[in-house]
Amino acid sequence: MSDIENIIKLAHGGGGKLTLQLIKEIFLPAFRNSILEKLEDSARINFYGKNIAFTIDAYTVNPIFFPGGDIGKLAITGTINDLAMQGGIIDPFISAAFIIEEGFEIENLEKIVKSMKEECLKNNAKIVAGDTKVVEKGLADKIYIITAGISFIPEKVDLGVHRIKEGDAIIVSGTIGDHGAAILSSRYDFKLSNSLISDCASLKDLVKSLLENDLEIHCLRDPTRGGLGTVLNEIALKTNFGIIIDESKIPIKNDVRALCEILGIDPLYLACEGRIVCFTNWEERNDVLSIIKENPLGENAMLIGRVTSKFSNKVIMKTTLGVKRIVSMFLGENLPRIC
C-alpha cells in the first residue's frame, strides 16, 4: 500500500489509480460480495424477481456554480446516469442529503434546489427522501450533496463488463473533457473563450433509445472522474483484453485541448458528465453510431477503437504521429473535487 501511505490525499478522490487502490485495499476487503466486487457505476440487484439498478454518489464540486450547471444539476444527472449505465431507465426514485456550511446563502440554496427540480422533471424522476445537516463555519466548503437512486432495469437488458467481447467496437458519444475543463477554467478564472461549458446532462433518454432498438449493446460507462483514459483502463484490467484507440478519432474541443496544454493535463483524463462510452459488437457499430448521433447529446459521437486479444490489460493509442503509446491509469493528482 505504498501509494496510499498513512494519510488520505486529495488525489485519493480523483477517480484514478489512487482511488482504485483505496477501494481495492480498504473498502472491498471489508465489504466484499459478488455485487460490489464488479465495481460498476451502479449495482445490478435482483430484488424479488425484478432487476434493479441502485447507486449512491457524493458531490463536492468546486466551484458549486459553473458554466453549464451547478452542484444540484450535477447531483441529479450523475445519479440518473449511473443508473442508466446499468440499463436503469425507468422513472428513477432518488434520495438526497445536504451537508451545508453555516453562513451559506439561502438564495444559492434555492438556485441549487431549482436545478435539481428541473432535472428531475426532465427525467420523470422523483426525490422521495432526504436529510439536511448544517455544520459549523469552516467545517465544510459551502455545500455537499449526497444522492442515492434506484430504478428498474427492463427485462432482457444485461449490460456490464462481463459482456464485452474481443472485437467489440468502442464508441464515445461526444467531445471528452468538457466538464473537467469547465470546472478548471472556473476554478482558476481562465478566460479562454465561452466554449468551455460543462457537458453536464442526463443520459437516460439516449440510453433508452439504444436499448429500444434491439441492438447488441454490451457495456455502457460514463467517463466521469478520471475521464476516458481511466474508464478504458478499468475495462482492460477487468476483462484481460487489450484496447486500441485512435487519437485522431477522439473528439476534443479546441479550447479544451488548449486549456490542457496550458495546465499540462492530458484531456483523456478530464471528467465528462454527459457522455457515454459504448461497447457494442463490431458488426452493428454503424447502426449504434447512427442512433447515438440522432440524439442532441450524441451529435459528435465517434467510433474511437476496438477491443482486442492483443495487449492484454493495456490501453494502446495510435497517435496522430503514427506511433503507438500506452495510455496508463491516471494517478489521481491535480484534479480533486471535479464532481
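Lys122 and Glu119 lie three residues apart in helix H3 (residues 106-122), so about one helical turn separates them. In this predicted model, local features need pLDDT of at least 70, side-chain atom pairs count only at pLDDT 80 or more, and totals for chains, interfaces and linings use all residues. Residues are numbered from 1 along each chain as its sequence is written, and side-chain values use heavy atoms, with hydrogens and water left out.

**Terms and total**
- A salt bridge is a side-chain nitrogen of Lys or Arg within 4 Å of a carboxyl oxygen of Asp or Glu; by this rule the count is twelve.
- Helices (H or I, at least four residues) and strands (E, at least two) are DSSP runs, numbered from the N terminus.
- Buried means under 20% relative accessible area, exposed over 50%, and partly exposed in between (1.4 Å probe, protein chains only).

**Within helix H3**
- Lys122 and Glu119 form a salt bridge, with their closest N and O atoms 3.4 Å apart.
- Lys122 is exposed, at 57% relative accessible area, whereas Glu119 is buried, at 4%.

**Between separate parts of the chain**
- A salt bridge joins the side chains of Lys165 and Glu216 at 3.6 Å, N to O.
- This pair links distant parts of the chain, 51 residues apart: Lys165 is in the loop between strands E7 (143-152) and E8 (169-172), and Glu216 in the loop between helix H5 (204-212) and strand E9 (217-221).
- Lys165 is partly exposed at 44% relative accessibility, as is Glu216 at 28%.

- In the salt bridge of Arg221 with Glu234, the closest N and O atoms are 2.8 Å apart.
- Arg221 lies in strand E9 and Glu234 in helix H6 (residues 227-239), so the pair ties together parts 13 residues apart in sequence.
- Arg221 and Glu234 are both buried.
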